[in-house]
Amino acid sequence: MAERVYWGTVKFKECILYLVATDLGLALVSWPDESFEAVEDFVQNRLPGRVLTRDPLKVKAYKDALHQYLEYGRVDIHELPLDLQGTDFQIAVWQALIDIPAGQTRTYSDIAERIGRQDAVRAVAHAIGVNPIPFLIPCHRVIGKDGNLTGYRGGLLLKESLLQLEGFLPKEPEYYL
């Protein structure tokens, strides 16, 4: 019998986000504009041979944490079990992101230095770009060396909104979330 992978959704304002968890922990949070097909592709590519099963109870703790973050800008990701699917390098980058406190930012160079790979800034940027658990693993807290907001898979408007939510940037009238 194939191992199960569980999914559920979080609705926040106009967004629907998909969550995927294994028995080990949270494996995926979708971006606001991603389809369920993207979720299926993730499972097929990163968790091959597993059966995707809708189970709101299995993802409830993650749903609550994500909702807490989206509502208040704070959640302790260290308390959530994660099942990170990536290379050792990617996982090291994602772990470094987890250590960035809410309301603070780091540069791509800071992250490269933190993981002992100062020469791998572009690879760090790529690993950040494929972060499977946005919002909770705070890839939005990484900015350019010059202090400007730079590339973000969810778009710069969303990145700015998340930094506003956390109090790093002042809230503007066109707050995205």
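Mentor: A salt bridge is a side-chain nitrogen of Lys or Arg lying within 4 Å of a carboxyl oxygen of Asp or Glu. Side chains of opposite charge can pair when their charged atoms come close. The model before you is predicted, so local features are given only at pLDDT of at least 70 and side-chain atom pairs only at pLDDT 80 or more, whereas totals for chains, interfaces and linings use all residues. Residues are numbered from 1 along each chain as its sequence is written, and side-chain values use heavy atoms, with hydrogens and water left out.

Trainee: How many salt bridges does the structure hold?

Mentor: The structure holds six. In one of them Asp-99 pairs with Arg-114, with 2.6 Å between their closest N and O atoms. This pair joins distant parts of the chain, 15 residues apart: Asp-99 sits in the loop between α3 (88-98) and β5 (106-107), while Arg-114 belongs to helix α4 (residues 108-114). These element names come from DSSP runs numbered from the N terminus, a helix being H or I over at least four residues and a strand being E over at least two.

Trainee: Which side chain does Glu-34 meet in a salt bridge?

Mentor: Glu-34 meets the side chain of Arg-153, at 2.8 Å from N to O. Arg-153 is partly exposed, with 47% relative accessibility. A further bridge joins Arg-117 and Asp-119 at 3.7 Å from N to O; Arg-117 is partly exposed at 37%, and Asp-119 is exposed at 68%.

Trainee: Which residues of α3 are buried?

Mentor: In soluble globular proteins, nonpolar side chains tend to be buried together. The buried residues of α3 are Gln-90, Val-93, Trp-94, Ala-96, Leu-97 and Ile-98, and they pack against α1, α4, α5 (121-129) and β6. Where α3 meets α5, Phe-89, Gln-90, Val-93, Trp-94 and Leu-97 are in contact (heavy atoms within 4.5 Å) with Ala-123, Val-124, Ala-127 and Ile-128.

Trainee: Which residues touch the most other members of the largest nonpolar core?

Mentor: A nonpolar core is a set of buried Ala, Val, Leu, Ile, Met, Phe, Trp, Tyr and Cys residues joined through side-chain atoms within 4.5 Å. The largest one has 40 residues, and those touching the most other members are Leu-19, Leu-66, Leu-97, Ile-111, Ile-128, Phe-135 and Leu-136. Two or more residues come from each of β1 (4-12), β2 (15-21), β3, α2 (60-72), α3, α4, α5 and α6. Another core of 11 residues lies apart from it, with Val-20, Leu-28, Phe-36 and Phe-42 among its members.

Trainee: What phi does Phe-135 have?

Mentor: Most residues other than glycine have a negative phi. Phe-135 has a positive phi of about 80 degrees, although it is not a glycine. Phe-135 is placed in the loop between α5 and β6, and it is buried, with a relative accessible area of 2%.

Trainee: How many of the residues of α6 are buried?

Mentor: Seven of its 10 residues are buried, so α6 is largely enclosed by the rest of the structure. Those residues are Leu-158, Lys-159, Ser-161, Leu-162, Leu-163, Gln-164 and Leu-165, and their cover includes α2, α4 and β6. Just after α6, Gly-167 takes a positive phi of about 90 degrees.

Trainee: Which residues does Lys-171 touch?

Mentor: Lys-171, in the segment after α6, touches Gln-164 and Leu-165, leaving out residues up to four places away in sequence. Lys-171 is exposed, at a relative accessible area of 55%, and its C-alpha atom is separated by 20 Å from that of Val-75, 96 residues apart along the chain.

How values were computed: Buried means under 20% relative accessible area, exposed over 50%, partly exposed in between (1.4 Å probe, protein chains only).
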